[in-house]
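Dear colleague,

Please find below the structure that I am handing over to you. My notes on what was found in it follow directly after.

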Amino acid sequence: MVPAVIKKMPGRLAQLLFKDHRTTVLQATPTLLTRFGHHVLKGDVLSPGSSLRVLALGGEACPSLAQLRSWKHKDNQTSIYNIYGITEVSCWASCYRIPERLLRSDTLMPSSVALGTPLMDTLVEVRDEGGCVITEGEGQVFIGGQDRVCLLDSEETVVPGTMRATGDWVNVKDKELHYLGRRDRMVKRNGKQVNLDSVQQLIQSLPQVEACAVGLWEGFRLLAFIVVSSDAAHLHTGEPDGVDGDLRRLILRQLSKLVSSHCIPDTLVLVPALSLTPHGKADMKALMKIYEKQRGCLGSSLLDVRGLRKTIRTLWQDALDLPTDVSIDERSKFLFSGGDSLKALRLCEDILAAVGVSSPHLLEVILDRSFSDVLHHVTEMLQGRSSTPKKRAADMQTAVAVKRGRESEKTPFKVVRRGGEVEGMNRRNIDTGGEPHDRTDSGNNLNNDFNICLSLSWSSDTGRCVDASPVILVRDVADESSRATVFIGSHSHRIQALDMLSGNVVWERVLGDRIEASAAVSHCGSLIIVGSYDGCVYFLSTESGETKWVFKTEDAVKSSPAVDPFTGLVVVGSHDGHVYALDPQLRQCLWKRHCSGGAVFSSPQLQSSHRRLYVASLGGRLLCLSLDSGAILWSYYRDKPFFSSPNVFSGHVVIGSVDGNICCLSDAGELRWQFQTKAPVFSSPSFVPGQQRLLCGSHDGRLYCLNCSDGSLVWTFQTSGKVYATPFVSEGFAVGSRGALVAVASTDGTVWILDAQNGCVLASHALPGELFSSPVVWEQSLVIGCRNDYVYCLNLTTNV
């Protein structure tokens with residue numbers, strides 16, 4: 001019930017199941033469960049306060065009683081079941097609830113778990129090699145019944161009472177069936193029979209082993225793929241000799257005391273996690289490829305940066321199935337190179353196998369960042385493998401933060417959007433929409449003699465009313481001669497690119513229908529993205545307006561796109577009720593999600609570092625989605641439409657509702673507080689930089705400043721009309737200001753400049769038409785669209 005790629009990320013899966021949704025019944029394969037690791041299993045899954053009532057394990061041999069006891073806290077109340085069956089009889093055939101006395105006993109030696117009793121209308125038999133039913137000893141399981149059978153392959157009918165051979169061998173003792181293994185997992189080695197499943201179970205029972213998968217490579221070499229336990233993880237360096245060699249020898253020495261010599265694996269392959277099939281079982285084919293790659297390369301060359309770069313580049317090309325002559329440069333991004341989440345997983349596992357070092361963060365780096373970042377991350381892993389885990393994690397976080405900071409310094413442009421969002425060089429935290437922090441100078445107001453004047457700079461006729469908000473692209477921001485371009489659409493079907501300084505039209509395009517949506521700029525700065533009433537999302541050149549790609553939805557697009565700064569993914573809503581994730585480089589939709597009852601009018605909000613997306617619908621539903629897959633992480637329902645767009649701060653989501661409330665939810669979708677205004681709220685919340693405050697307008701004509709932590713009122717300002725627009729909040733957008741300023745528009749045509757500290761009016765200017773567009777400010781210029789068909793630019797001048 002979760003996307004396949006989430007199953008591959010144990011940390012995210014555990015957060016989703018046991019923190020976000022407090023799952024009560026979980027059916028999983030043992031392999032999938034062991035990927036959580038001992039710490040999560042005992043601390044969350046089977047902890048004293050676990051939400052799980054039932055844990056049902058099936059699809060593979062059940063873990064031993066000793067292993068289950070090691071996971072289960074003594075005060076945990078979860079009931080654990082072993083379920084068994086085959087697809088030919090609808091999967092479940094028998095069930096066994098493991099008695100608490102077996103799970104709590106410290107005296108029992110590790111032993112297998114019984115398969116249990118047959119389910120209703122199901123018959124289970126054990127037959128020997130001659131096909132005779134037996135009640136004691138070893139034999140093959142057969143499953144069937146008078147009514148419970150399935151048609152296989154080309155079968156059209158089946159004789160009632162047909163029994164299907166399972167290929168599974170069990171030992172019958174005291175009327176209980178204990179699993180021995182698959183018939184095809186019983187092999188001859190050195191002339192003697194070896195049960196691969198039994199060897200696997202024994203290795204898994206060792207204290208140094210978290211999980212294990214055993215298989216034959218090319219029919220003769222016995223391999224054991226091992227995930228070391230958390231207690232032994234500090235010994236694992238990834239080197240074939242040294243400490244890793246000692247760990248392997250220790251495991252082999254302990255195993256030799258439990259099995260005959262012909263059952264000892266030829267090679268122990270230490271892996272960070274077991275590869276999984278889509279069904280959650282150990283993927284032996286993928287594990288064998290890991291072994292083959294280890295045999296093929298790497299050794300001491302990994303210690304050389306040049307050799308490491310070459311290795312990762314080769315694995316990158318293999319994962320994408322690219323010819324060797326296709327170049328992978330430092331800025332290449334995996335998703336933009338033709339990859340997807342599953343291919344990224346394959347690359348992650350190949351790299352970890354190659355370097356022999358575990359990293360829970362590598363997959364996210366591959367999904368989010370460039371080739372250079374992946375190389376840097378792996379280099380840090382190798383250099384830090386002798387460090388303590390805490391120090392390694394801290395060093396990695398610092399390295400990533402420094403890397404991002406350096407990238408920001410090199411970014412040649414900024415994008416300024418409604419609400420005070422600034423993306424690009426020296427940007428504020430784009431993941432949180434300007435996440436507020438405590439200020440040290442929060443008591444500073446503006447100078448007493450500080451005055452602002454608003455005056456008309458230029459205007460541009462668009463042909464019909466302008467409801468869209470402007471977006472400003474500022475190029476060469478490190479240069480004093482930076483140039484800014486305003487992009488804005490109107491109901492005349494036209495989108496204009498206007499020179500910020502003069503108001504001259506740089507280019508103009510007529511699209512297929514009215515444009516009410518605000519535009520967005522691609523993360524590379526080369527595309528302007530805008531939706532239209534014709535249901536299309538247009539990708540145009542920022543330089544010329546030339547159409548680069550058009551994506552068609554099933555209804556009008558009035559939602560403003562959001563752009564993932566790491567992958568370049570464009571997310572946009574449509575009145576067809578879906579939100580779409582579009583890849584402009586591949587020119588395809590990577591996923592779409594129906595938003596449950598209503599058009600998507602508001603603009604999606606991204607939390608890129610957490611790979612989350614928040615989207616609201618006119619059906620009154622606010623959804624938290626996985627940015628990578630579109631999976632619904634949680635949903636909040638309110639019996640009124642959402643025209644307001646959500647915004648995020650410090651792990652909280654804020655949105656306005658037509659019922660007049662400004663609502664704050666936790667990152668798990670729980671309502672934390674709500675503030676009641678006196679009319680519907682269409683305005684979207686903005687945050688005051690450096691302060692725990694948010695601003696939001698209402699149709700009651702007021703702009704409200706609220707405390708982020710509890711929703712208490714800080715101040716309110718009464719305009720002369722309704723407040724539909726999103727307030728623009730920023731520090732220093734007027735020369736001489738010492739604090740944050742707010743630009744807000746009321747529908748009667750008035751633009752207001754307020755002191756964000758106390759809501760005092762600093763300036764106002766009346767325009768000759770209604771204002772549903774939101775103001776956007778860059779340096780000393782304010783741009784806004786008007787329903788009298790014009791776009792206006794106002795100068796902000798100061799007298800100090």
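Thr567 sits in the loop between strand S26 (562-563) and strand S27 (570-573). Helices (H or I, at least four residues) and strands (E, at least two) are DSSP runs, numbered from the N terminus. At 4% relative accessibility, Thr567 is buried; buried means under 20% relative accessible area, exposed over 50%, and partly exposed in between (1.4 Å probe, protein chains only). Its side chain makes a polar contact with the side chain of Asp564 at 2.7 Å, and the side chain of Thr567 also reaches the backbone nitrogen of Leu569 at 3.2 Å. A polar contact is a pair of N or O atoms within 3.5 Å; within protein, one must be able to donate a hydrogen and the other to accept it, and residues adjacent in sequence count only if both atoms are side-chain atoms. Not counting residues up to four places away in sequence, Thr567 touches Lys333, Leu335, Phe336, Leu367, Asp368, His523 and Arg611, where contact means heavy atoms within 4.5 Å.

Please note that this is a predicted model, in which local features need pLDDT of at least 70 and side-chain atom pairs count only at pLDDT 80 or more, while totals for chains, interfaces and linings use all residues. Residues are numbered from 1 along each chain as its sequence is written, and side-chain values use heavy atoms, with hydrogens and water left out.

Ile515 is buried, with a relative accessible area of 0%. Leaving aside neighbours within four places in sequence, Ile515 is in contact with Gly489, Ser490, His491, His493, Arg494, Ile495, Val530 and Gly531. The C-alpha atoms of Ile515 and Asp534 are separated by 9.1 Å, and these residues are 19 apart along the chain.

Turning to the strands, S34, S35, S36 and S37 form an open sheet in the order S34-S35-S36-S37, with antiparallel pairing. Strand S34 (647-649) and strand S37 (671-676) stand at the edges with a single partner strand each, so one side of each has no neighbour in the sheet. Two strands pair if DSSP finds at least two bridges between them. Strand S35 (residues 652-656) and strand S36 (residues 661-666) pair in the antiparallel sense over five bridges, and the bridge partner of Gly656 in S36 is Ile662.

Parallel pairing is found between S1 and strand S2 (residues 54-57), over four bridges. Leu26 has Leu55 as its bridge partner in S2. Strand S1 (residues 25-28) has a covered face, Leu26 and Ala28, and an uncovered one, Val25 and Gln27.

In helix H2 (residues 10-20), the buried residues are Arg12, Leu13, Ala14, Leu16, Leu17, Phe18 and Asp20. Just after H2, Arg22 takes a positive phi of about 50 degrees.

How many disulfides does the structure hold? The structure holds zero, a disulfide being a pair of cysteine sulfur atoms within 2.5 Å. Cys663 is in no disulfide, and the nearest cysteine sulfur, that of Cys664, is 9.0 Å away. Cys663 is buried, with a relative accessible area of 0%.

For the protein as a whole, the secondary structure comes to 14 helices and 48 strands. Of its 800 residues, 57% count as buried.

Yours sincerely
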